[in-house]
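Welcome! Here are a few exercises to work through with the model open beside you. Try each task before you read its solution.

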Amino acid sequence: MSISKLEENDIFLKKILDAPLGQVVTVLGKSLNCKICLDLIEQNTPKPGTKFERKIVVSADGLPIIRAIIKFDRTQLPDSLVHELLQKCSLVGTILNRHSITNDKKVISTNFDKDGKKLYRLYEIQRHGMVLFEIDEEIKLDHLDLIRKKYHL
């Protein structure tokens, strides 16, 4: 099944895919009657320098639904944003909202794994044509289906 066909048939998944960065917890919380968690697993510099990776997991009822790696280069961001990101206290979407930065996604690619159990998506958050963040997402469709069956969605 194609991504657009899946989105047509699955309004819940479409809401997740359309949610602004950092708002997927709210979208899940409005639809599911269970505990939703967003955990910052780690934030590091893969190589010494200015580039960082922030790894997060969004879980519902203890099942990981979304794993994401958010990449950013501190030279592409205002110092105030970098300062907040490096403190690791706030979500990227929250920080963007605080600084009135539009949180629009530019989807680069979307693919399924060979079994159709995972949806992979790569997108960017841009400002004035400059990439601020690159997000590599894995949505576990099989876990999402288990949660939906449990809550009759």
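**Exercise 1: a charged network**

Arg 67, Glu 138 and Lys 140 are joined in a network of salt bridges. A salt bridge here means a side-chain nitrogen of Lys or Arg within 4 Å of a carboxyl oxygen of Asp or Glu. Before going on, note that this is a predicted model, where local features need pLDDT of at least 70 and side-chain atom pairs count only at pLDDT 80 or more, while totals for chains, interfaces and linings use all residues. Residues are numbered from 1 along each chain as its sequence is written, and side-chain values use heavy atoms, leaving out hydrogens and water.

Task: find how many salt bridges the structure holds.

Solution: the structure holds nine salt bridges.

**Exercise 2: the sheet**

Task: work out in which order the strands form the sheet, and which are the edge strands.

Solution, step by step:

1. Strands are DSSP runs (E, at least two residues) and helices are DSSP runs too (H or I, at least four), numbered from the N terminus. Two strands pair if DSSP finds at least two bridges between them.
2. Six strands make an open sheet in the order S1-S2-S3-S6-S5-S4, with antiparallel pairing.
3. Strand S1 (36-44) and strand S4 (105-112) are the edges, each pairing on one side only.
4. Now look at one pair: strand S5 (residues 118-127) and strand S6 (residues 130-140) run antiparallel and are joined by 10 bridges. Within S6, Glu 134 is the bridge partner of Glu 124.

**Exercise 3: a link within a helix**

Task: what separates Lys 14 and Asp 18 along helix H2?

Solution, step by step:

1. Their side chains meet in a salt bridge (3.0 Å, N to O).
2. Because they are four residues apart in helix H2 (residues 11-18), about one helical turn separates Lys 14 and Asp 18.
3. Lys 14 is partly exposed at 32% relative accessible area, and Asp 18 is partly exposed at 48%.

Terms used. Buried < 20%, exposed > 50% of the residue type's maximum accessible area, 1.4 Å probe, protein only.
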